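Reader: Could you walk me through this model and tell me what stands behind the words used for it?
Author: Gladly; ask away.

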Amino acid sequence: MLTYLLEYFSGDVDTVSLLTMICVMAFVTICCLPVHECAHAWMADKLGDPTGRLKGRINLSPMAHLSLPGTLMLLIFGFGYAKPVPVNIRNFKKRKLYFGITALAGPVSNLILAVIFLAVSFTVTVISIINGTGSGDVTTEMGQTGGVLEIASSFFANVAYYNIALAVFNLIPFPPLDGSRILTMILPDNLYYKLMSYERYFFYALFALMFLFNRVFDFSPLSYITSALYTGIGNVLSVIFTWILGLLGI
């Protein structure tokens, strides 16, 4: 978001694109982050730990999940966090395995949302083709449908992209992100708890590394992985939608 603002004031981004991105970030914050946290609480409850449910976290209301610092980080820098869902691993029959699965539920929910919203974006393109404004090629028509359809396609495509980015970010094996919790499934207990004792320092180190890669090396591994996943999902959906259009004779 900060990058878009800077590009807007420098004249590289138009007003419509800026407003679209503001709506995208607001939507991801209000609607997608709560899904991520709710998925943690729901999975924990299904696996035997009702702590999150009793704390009211199986809830899609943003007020139940959002934290002010994490929300501001997401809106300004494009990555952030919500309030962690409380989990009592003593309630799990298979503590390490179920704790890891609970942690994995959040990123998986974002990937599912990404597929859904990218499919919606493709559907908008298909509508434009049916209306006679497209060439019939779903891939080349993405984001080029004109007017309201172009804005809608861009909006849903960007929502999908940021959901993938949230999943990738949270899968980093640095405490306190979900990826570090997933490590419980493969690391010995003594090593895992030793790593967790340095959780605060890992968090600072993560942001230092992100700043180093983004500003000094001008390369973001997270953006690279996110773009690769986005392209992969888009290619699969493109094949599916093109096949459907072929069956319909469009």
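Reader: What makes the residues of the lining of the second largest pocket nonpolar, polar or charged?
Author: The residue type decides: Ala, Val, Leu, Ile, Met, Phe, Trp, Tyr, Cys and Pro count as nonpolar, Asp, Glu, Lys and Arg as charged, and the others, Gly among them, as polar. By that rule the lining divides into 15 nonpolar, 5 polar and 3 charged residues. Pro84, Val85, Pro176, Asp178 and Arg181 lie nearest the pocket's centre. This is a predicted model, where local features need pLDDT of at least 70, side-chain atom pairs count only at pLDDT 80 or more, and totals for chains, interfaces and linings use all residues. Residues are numbered from 1 along each chain as its sequence is written, and side-chain values use heavy atoms, with hydrogens and water left out.

Reader: Which helix gives the most to that lining?
Author: H2 does, with 4 residues.

Reader: How do you know how confident the predictor is in the chain?
Author: From pLDDT, the predictor's confidence in each residue, from 0 to 100. The chain has a mean of 83, and 84% of its residues reach 70 or more. Confidence is lowest in helix H6 (residues 138-141), at a mean of 44, and highest in helix H3 (residues 51-54), at 96.

Reader: Why is the set with Val24, Val28, Leu118, Val159 and Leu237 called a nonpolar core?
Author: Because such a core is a set of buried Ala, Val, Leu, Ile, Met, Phe, Trp, Tyr and Cys residues joined through side-chain atoms within 4.5 Å, buried being under 20% relative accessible area with a 1.4 Å probe, protein chains only. The largest one has 31 residues, and its largest share, 9 residues, comes from H7.

Note on methods. 1 Å grid on protein atoms, 1.4 Å probe; cavity = no way out; pocket = protein on both sides within 12 Å on 5 of 7 lines; lining within 4 Å. Helix = DSSP H or I, 4+ residues; strand = E, 2+ residues; numbered from the N terminus. Buried < 20%, exposed > 50% of the residue type's maximum accessible area, 1.4 Å probe, protein only.
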